[in-house]
Amino acid sequence: MRVVVDLTRCQGYGQCVFMAPEVFSMNGREALAYDPAPSADQRQNVLRAAAACPVQALHVERSAADPEPGPYPADGDGFRRDGRVVIVGSSLAGTRAAAVLRGEGFAGSLTLVGDEPGEPYDRPPLSKQVLSGRVPARGTALPRPPDLDAVWLRGTPATGLDLDRRRVILADGRDLPFDRLLIATGTRARPWPDPAEAALDGVCTLRTAQDATVLRRRLASGDGRVLVIGGGFTGSEIASVCRELGRPVTVAERGPAPLVGALGGVVGAIAADLQRAHGVDLRCGIGVTALEGEDGRLCRARLSDGDVLEVDLAVAALGAVRNVEWLEGSGLAAGPWGVACDAGCRAFDINGLVTDDVFAAGDVARLPHPVYEYQFLALEHWGSAVAQAEVAAHNMLSGQTHRWPHLALPVFWSTQFGVEIKSVGVPTFADEVIIVQGSAREFRFIAVYGYRGRITAAVTFDQGMWLEFYQGLIEQAAPFPPRFRTVDPAGAACPVPAQVPDRVGATHGATVVVTGHDPAERRAWLVHRSR
């Protein structure tokens, strides 16, 4: 039995905790923890919890005893009946797209290609329940979509794409023909930049289930200081687990505060107070210049301010690298920025033209969002991966007049130090921020972000039930600062500069060469930097 909770929707009502207390629990005021692979004897309790959830955030794997879905329609166009769909990337976005394709009547051949050997699994629990020891990594498998009738090629990464021949090239030398292709290869952890130092025993990253298993074992078996390099969401969640386990931990963050790259400096400063209040040795404005070892084992780290730390475990939480190398030379507009797409998840070729048969979804996709002045956004969020997969799958089967745009606002969550942090919108697309409800000192508040007089985002600390309300304001382009009365007002607060980092262009330094003279001959070529 497998369970997934969409924590972007969960508002902390806790009905599931009452219905199935052996499966669900509250860690703090709103931070829900759960067992993603409960025993079969809990099935009825979990189903009752799913039915009682006010926001319908629980997803439970269907069993053989559950009602079968209706048969796929036998009629329809030729592609629905006989087409070939290949999905490269068999994690959250890939499996969701496959389920939607079948659900909308696609009866042709369906192949999912994945570079990891095991079954698809849910990644958010890795830095939470798995590291803390509540569940093993093998318990995070995603619910199996019913009746996919798909070919799974696990542990077989794609190494190339031939658009002219409509073939995906695999590492074992095979190629897969396709009529429609979905690119959902996601990201991988950015490694520590010095290969020799990264190879030291005790230097880790966290992205995969195997990473989480190794890191959990190391956290549980020692009592020395842990160094977390990077104060983003992953780094902050790792630091939270360290303190929960009683391990001393230092977080080295080059920016002025943790989470500043996602939430800006004002809310980042509150996150810094939260970490320090729980015993984290937080060093802001400080980088790590070297990791040193003895006999191949990590023993110390040198910081940019000259300090030296004795550590036996270092976790590089330096962000993610998009898995696009296999697309080099394919003719798609793909690079370090991801795979450029239109709002319908159709990929652009290198000339900026939309491809009708190649789609992208999940962490690897970069799409324009109308709410944010059509800026191309690459969103590494659980909810965005699901929404984009649904749009891409629907559009694969639809004509021009029936295609959907991806207009869902980004929503994400993070559980740190017993506090549930949630966000809707893009907080870094803002010039001001104001705390409108609650108290920052108590780490229970709502911050609303604005840009040129309209609301663009909201962030909550243990106030998740308000997120949907502010989502509606963003979608309505409501004026900023908000002037309505609220419960638990924050007092006579005034907007202040949001202190967001400078926006980085989507090209990441891409070099494009244009050749030809006649309009029918002019073409663009992407020059890849040597690695």
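**View 1. Five strands make up an open sheet with parallel pairing, in the order E13-E20-E14-E15-E16.** The model shown is a prediction, in which local features need pLDDT of at least 70 and side-chain atom pairs count only at pLDDT 80 or more, while totals for chains, interfaces and linings take in all residues. Numbering starts from 1 along each chain as its sequence is written, and side-chain values use heavy atoms, with hydrogens and water left out. Labels H and E are DSSP runs numbered from the N terminus (helices, H or I, at least four residues; strands at least two), and strands count as paired if DSSP finds at least two bridges between them. Look at the two ends of the sheet: strand E13 (203-204) and strand E16 (281-284) each have a single partner strand, so one side of each has no neighbour in the sheet.

View 2. E13 is joined to strand E20 (residues 313-316) by two bridges, in the parallel sense. Opposite valine 203 you'll find alanine 314 of E20.

**View 3. Another open sheet has four strands, ordered E22-E23-E26-E27, and its pairing is mixed.** Strand E22 (334-335) and strand E27 (375-377) sit at the edges, each pairing on one side only. Strand E23 (residues 338-340) and strand E26 (residues 365-369) run parallel and are joined by two bridges. Alanine 340 has arginine 366 in E26 as its bridge partner.

**View 4. This one goes inside, to the largest cavity, with a volume of about 170 Å³.** A cavity is a set of points on a 1 Å grid over the protein atoms alone where a 1.4 Å probe fits but cannot get out, and lining residues have an atom within 4 Å of a point. Points are joined across faces, edges and corners, and the volume is the space filled by probe spheres set on them. Searching the whole structure turns up four cavities of 30 Å³ or more. The largest is lined by 18 residues, with Asn27, Lys128, Gln129, Arg134 and Thr415 the closest to its centre. Strand E3 (32-34), helix H8 (233-244) and strand E28 (411-416) each give two or more residues to this lining. H8 has the largest share, at four residues. By class, the lining splits into seven nonpolar, seven polar and four charged residues (Ala, Val, Leu, Ile, Met, Phe, Trp, Tyr, Cys and Pro are nonpolar; Asp, Glu, Lys and Arg charged; the others, Gly among them, polar).

**View 5. The second largest cavity holds about 100 Å³ of space.** Cys10, Tyr13, Gly14, Cys16 and Cys53 lie nearest its centre, out of 14 lining residues. Ten of the lining residues are nonpolar and four are polar, with no charged residues in the set.

View 6. Beyond its neighbours within four places in sequence, proline 145 is in contact with Thr95 and Ala99. Glycine 28 lies 117 residues from proline 145 along the chain, and their C-alpha atoms are 32 Å apart. Next comes arginine 166, in the loop between strand E8 (158-162) and strand E9 (167-170). This residue isn't a glycine, yet its phi is positive, at about 55°. Last, proline 481 sits in the loop between helix H11 (467-475) and strand E33 (496-497). The peptide bond joining phenylalanine 480 to proline 481 is cis, with omega about 0°.

**View 7. Two spans come from the UniProt record, starting with "domain: FAD/NAD(P)-binding" at residues 84-388 (unreviewed entry).** UniProt positions use the numbering here, feature names are shortened, and annotations may be inferred rather than shown by experiment. Residues 84-388 are 23% helix and 31% strand, and their end C-alpha atoms lie 20 Å apart. UniProt also lists "domain: Reductase C-terminal" at residues 412-483 (unreviewed entry). For residues 412-483, the end C-alpha atoms are 26 Å apart, with 12% helix and 50% strand in the span.

Key: 1 Å grid on protein atoms, 1.4 Å probe; cavity = no way out; pocket = protein on both sides within 12 Å on 5 of 7 lines; lining within 4 Å. Contact = heavy atoms within 4.5 Å.
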